[in-house]
Amino acid sequence: MSDRQNYLLGIDLGTTNVKAIILDEDGRVCASASAANHLIFPGPNMVEQDPNEWWDNTVHILRTITFAAGPDVVSKIRGICVSSQTVTMLPVDKNGEPLRNALIWMDGRSFGELDYIRKSLGNEHFISIIGAQPDVAFLPNKLLWFKNNEPELFAKTYKVLQVSSYINYKLTGKMTMDVDQAARCQCLEIHTLKWSKDIANVIGIDLNDILPVPQLSTEIIGSVTAQAAAVTGLASGIPVLAGASDAMASMYATGLCQIGEAGESSGTTSLVFVGSGHASRSDLPIVTKPCPIAGMPYVFDAPINTSGASIKWYLDCFGEPEKAYASAHGIGVYDYLNQCALDVPAGSHGIFFFPYLLGERAPLWNAHARGMFIGMSLDSTRSDFIRAVFEGTAFALRHVMSVIEAAGAKANGLRITGGGSKSRTWSMIKASMLHMPVYILDEKSGDVPFGDTLLAGHAVGVFPDLKSSIEKIIRIKETIEPVEAWEKVYDQMYPLYLDMYQHLDSDLIALKKLAL
């Protein structure tokens, strides 16, 4: 290894895990570690996380990887980029101490406040400000809920931070917010990149006061303090970037760098990306965002709420027999699920699964959608249900891709990263559902922190030509082609999938209002 070798550190604070890697300039992972985050459910439609656990986990994995890499490597880390789940509401005081648990993107308690904002602003005007479809996952309604329901804590709030912002604060002492997450939080005037005065007036909160000034993702906000170095094992003085959402970091991790390709970061949720040569209209269900990659000026960026989470939900609620069988036969439970799904023909013997277990973001953008099985009969088997879950999440992916295609973008292949890429059965279903090959990337490329290291490397000059670096470093491990017989079945079922949900939409709204 050359004495001049440079290293980069990427950290991702996801919903279920904190992960970090140290990467060298040739794309080799020198050390990696992860730790589990936990969800807190204080009441109906309420999902929180403890920010102290975020930092404790980050400290633990940083100490793990700095010890594994050794002091020579640590001394040559040239930059750090932190990405995270988004959007989050974490209020802190002037000393940076959290005032309560964070309301994460899953939290849906503020749907009443969202309705108030929509009616007050007018839905079309709201959309014109934020350049996207309003949803309960975002920040204006959460801020209003906080002000209305916890006024004493709100009065003590100095800033509201995102997950990565909080970790950046613990590393550098600076309270910041990257422009990528700012543009996603639905408080930003999308055309000026300033906090919206109209939204501020409606919710009665000075957004310029309570939210940090947005900074470019690749802007260096500070460096690792001596205090942070002492607890993490890092060297003090390492530059730290403003960072990005896990969505942006995932896009880099997929190696998506040219128009004509799509990417999916497939984990607890799915993040879908399709490059575009032009901006979309702001009133569409899925809209473009500016993209810094040369030759791909815009990207459609669509989050699907519960993809991998649907499979985990099945296992948690119904999967004891599968867990027991897998344990008795010495195989992984997810490998066994794949086998069970392959034992069932395409179409799951007529069972549809709708993966709206937390409502749905793209392309429905509603909090009242609910998960459903439709089409069961007395001869339905466990394997039918398992395959239906795989297929239902793939139907949701097709819905997203169809809306993006209708908006003018094209894709002829899907690059998949993340935990979902480990399921060959699932990838076969997706390839057949979308009528395109699926490219499985190597383990290194599929990790969100890998995308963080690319951003960091570009910012500090280790990767001056980002596109060529992506093409050089990111490798395709396997190409999975569509199964022709499955394609025909999914083409017949997909219109029914759309129609069934639309027929039930008004009933699901009524069910939501019952608050059962």
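This briefing walks through the overall build of one protein chain and then visits some of its residues.

The model is predicted, so local features need pLDDT of at least 70 and side-chain atom pairs count only at pLDDT 80 or more, while totals for chains, interfaces and linings use all residues. Residues are numbered from 1 along each chain as its sequence is written, and side-chain values use heavy atoms, with hydrogens and water left out. The protein chain holds 20 helices and 24 strands. Buried residues make up 60% of its 516 residues.

**Overall build**

- Helices (H or I, at least four residues) and strands (E, at least two) are DSSP runs, numbered from the N terminus.
- Along its principal axes, the C-alpha trace of the protein chain spans about 65 × 60 × 45 Å.
- Contact means heavy atoms within 4.5 Å. Take the contacts in the protein chain between residues at least 6 apart in sequence: 71% of them join residues at least 24 apart.

**Surface and charge**

- The protein chain has an accessible surface of about 20000 Å², and carbon and sulfur atoms account for 53% of that area. Accessible areas come from the Shrake-Rupley method with a 1.4 Å probe; for residues, only the protein chains shown count as cover.
- For single residues, buried means under 20% relative accessible area, exposed means over 50%, and partly exposed lies in between (1.4 Å probe, protein chains only).
- There are 42 positive and 55 negative side chains in the protein chain, and the centres of the two sets lie 3 Å apart. Lys and Arg count as positive and Asp and Glu as negative, while His and the chain ends are not counted. The place of a charge is taken as NZ of Lys, CZ of Arg, CG of Asp or CD of Glu.

**Cysteines**

- A search of the whole structure finds 0 disulfides, a disulfide being a pair of cysteine sulfur atoms within 2.5 Å.
- Cys30 is in no disulfide, and the nearest cysteine sulfur, that of Cys81, is 17 Å away. Cys30 is partly exposed, with a relative accessible area of 32%.
- Cys81 is in no disulfide either; for Cys81, the nearest cysteine sulfur is that of Cys291, 15 Å away. Cys81 counts as buried, at 0% relative accessibility.

**The loop between strand 5 and strand 6**

- Thr88 sits in the loop between strand 5 (77-84) and strand 6 (90-92), and Val87 lies in that loop too.
- The peptide bond joining Thr86 and Val87 is cis, with omega about 10°.
- Thr88 counts as buried, at 0% relative accessibility. Leaving aside neighbours within four places in sequence, its contacts include Trp54, Ala102, Leu139 and Gln162.

**The loop between strand 20 and strand 21**

- Pro363 is found in the loop between strand 20 (352-354) and strand 21 (372-374). The peptide bond from Ala362 to Pro363 is cis, with omega near -10°.
- Trp365 has its place in the loop between strand 20 and strand 21. Although Trp365 is not a glycine, its phi is positive, at about 55°.
- With 12% relative accessibility, Trp365 counts as buried.

- Asn123 belongs to helix 4 (residues 123-130) and counts as partly exposed, at 32% relative accessibility. Not counting residues up to four places away in sequence, Asn123 touches Arg118 and Pro134. Asn123 and Ile304 are 181 residues apart along the chain, and their C-alpha atoms are separated by 22 Å.
- His435 is in the loop between helix 17 (424-434) and strand 23 (438-441). The phi of His435 is near 60°, a positive value in a residue other than glycine. His435 counts as partly exposed, at 39% relative accessibility.
- Arg475 lies in the loop between helix 19 (466-473) and strand 24 (476-480), and counts as partly exposed at 46% relative accessibility. Arg475 and Tyr439 are 36 residues apart in sequence and 9.6 Å apart in space, C-alpha to C-alpha.
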